[in-house]
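Keep the chain in view as you read.

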Amino acid sequence: MFNNTQKICVIGLGYVGLPLAVSFGKKTQTIGFDINTSRIKDLRAGIDHTLETTTDEINEASNLTFTSDINDVENANFYIVTVPTPIDSSKQPDLTPLRKASESLSQVISKGDIVVFESTVYPGATEEVCIPIIESLSGLKLNVDFFAGYSPERINPGDKANRLENIVKVTSGSTKESGEFIDATYKKIIVAGTHLASSIKVAEAAKVIENTQRDVNIALINELSIIFSKLDIDTLEVLEAAGTKWNFLPFRPGLVGGHCIGVDPYYLTHKAESVGYHPQMILSGRRINDGMAKTVVATLVKEMLSRSIQVKDSNVLVMGLTFKENCPDIRNTKVTDVINELNDYNVNIDVYDPWCDAQEVKVAYDIDLIDEPIIAKYDSIILAVAHDKFKEIRGEQLRDFCKKEHVIFDLKYALPKNDSDIRL
């Protein structure tokens with residue numbers, strides 16, 4: 001039923017797809033496809049600007065080739081789709097990349113082939129959106145001519161400990177036999193093992209609730225931090241005290257951005273509302289987390305005024321722009337929300353992040369990064385991302401960037417308490 005001489009094609013070579021292609025490329029013939037021609041050119045030269053793989057790792061994948069021509073992948077028989085699944089300006093799922101990938105697949109898929117989707121979606125999207133596109137445009141029928149599966153990605157950008165190979169992989173298939181075949185295929189590269197779900201919908205739901213659970217937990221801590229601030233209690237000290245109990249979960253307050261936690265809950269709530277249920281806790285958590293930028297800036301402004309620092313025309317340094325520490329990923333970063341809130345107060349903003357590509361930031365957010373902070377310039381500093389490089393800056397060295405009267409706001413507990421003036 002299935003071709004045991006596998007030729008794998010990974011469609012989409014971003015933070016998820018490239019490590020997958022590299023891993024499979026060490027074991028079997030693999031093609032990495034991406035519509036971004038400059039990305040393909042870099043990868044052929046062994047350069048990965050996401051820093052998820054190294055030149056040596058790419059070169060070790062001796063069975064891996066790269067292309068931006070969809071016709072080059074028509075001889076593959078096991079396709080894995082890892083394109084982005086963002087939300088639009090109305091916070092609704094934007095399945096455009098997934099639809100386009102499905103359209104492209106319909107041009108090359110053949111009888112007996114398998115298509116596995118890894119992009120985060122709501123339960124049912126694979127069978128309700130993607131498969132019908134492939135069937136309609138290719139003339140092939142699911143479970144008769146080709147088979148499908150869903151295996152959610154669990155990549156954590158910038159994490160060098162929890163890599164693809166040592167994270168348990170959830171798998172599923174459109175039939176029992178295809179599920180077992182898909183599971184066996186992933187077992188070739190996943191050292192940590194796999195978990196074969198009973199259906200595609202179960203696997204889709206498992207993925208979307210992973211980040212929804214984290215989002216709701218962070219929202220609770222964010223709300224607690226607002227309460228404790230009003231009570232003049234240090235949130236971190238409270239969390240450290242509560243954390244001495246064995247089953248207390250170690251979440252911290254902060255901005256919730258990135259391509260997963262700040263996005264995935266909207267996929268689940270979209271599907272829930274389509275079947276007549278209006279989620280309450282999930283959307284409440286989203287409102288709290290989406291509103292944290294306003295809370296941050298209001299807290300900063302209040303502290304500046306209490307120190308008789310004029311807010312209008314003041315100079316503010318924002319340290320960090322990526323959505324998390326020690327990685328160059330700027331997708332859906334909520335630091336931009338902080339910057340937008342600051343702009344409403346007519347302040348002068350410098351943004352400093354050595355992890356970012358300045359041109360990428362300019363194109364994505366129209367923000368000009370500075371090369372280095374300027375000595376004695378700033379009325380306030382917001383330490384927004386806990387990069388290791390920022391943690392190395394201590395006490396007087398950080399205050400050297402400030403005027404005599406100033407405020408240092410540590411959003412991430414990256415500094416010792418005495419090295420900052422306020423924190424969440």
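Of the contacts in the chain with a separation of 6 or more, 73% join residues 24 or more positions apart. Contact means heavy atoms within 4.5 Å. This is a predicted model: local features need pLDDT of at least 70, side-chain atom pairs count only at pLDDT 80 or more, and totals for chains, interfaces and linings use all residues. Residues are numbered from 1 along each chain as its sequence is written, and side-chain values use heavy atoms, without hydrogens and water.

The chain holds 15 helices and 13 strands. These are DSSP runs, numbered from the N terminus: helices are H or I with at least four residues, strands are E with at least two. The C-alpha trace spans about 75 × 50 × 40 Å along its principal axes. Of the 424 residues, 55% are buried, meaning under 20% relative accessible area with a 1.4 Å probe, protein chains only.

Helix H10 covers residues 281-290. Its buried residues include Ile 282, Leu 283 and Ile 288. The buried residues of H10 pack against three helices, H7 (200-230), H9 (264-274) and H11 (292-306).

Now the cysteines. A disulfide is counted when two cysteine sulfur atoms lie within 2.5 Å. The count is 0 disulfides. For Cys 9, the nearest cysteine sulfur is that of Cys 130, 15 Å away. That is too far for a bond.

| Cysteine | Relative accessible area |
|---|---|
| Cys 9 | 0%, buried |
| Cys 130 | 1%, buried |

Methods: Buried means under 20% relative accessible area, exposed over 50%, partly exposed in between (1.4 Å probe, protein chains only).
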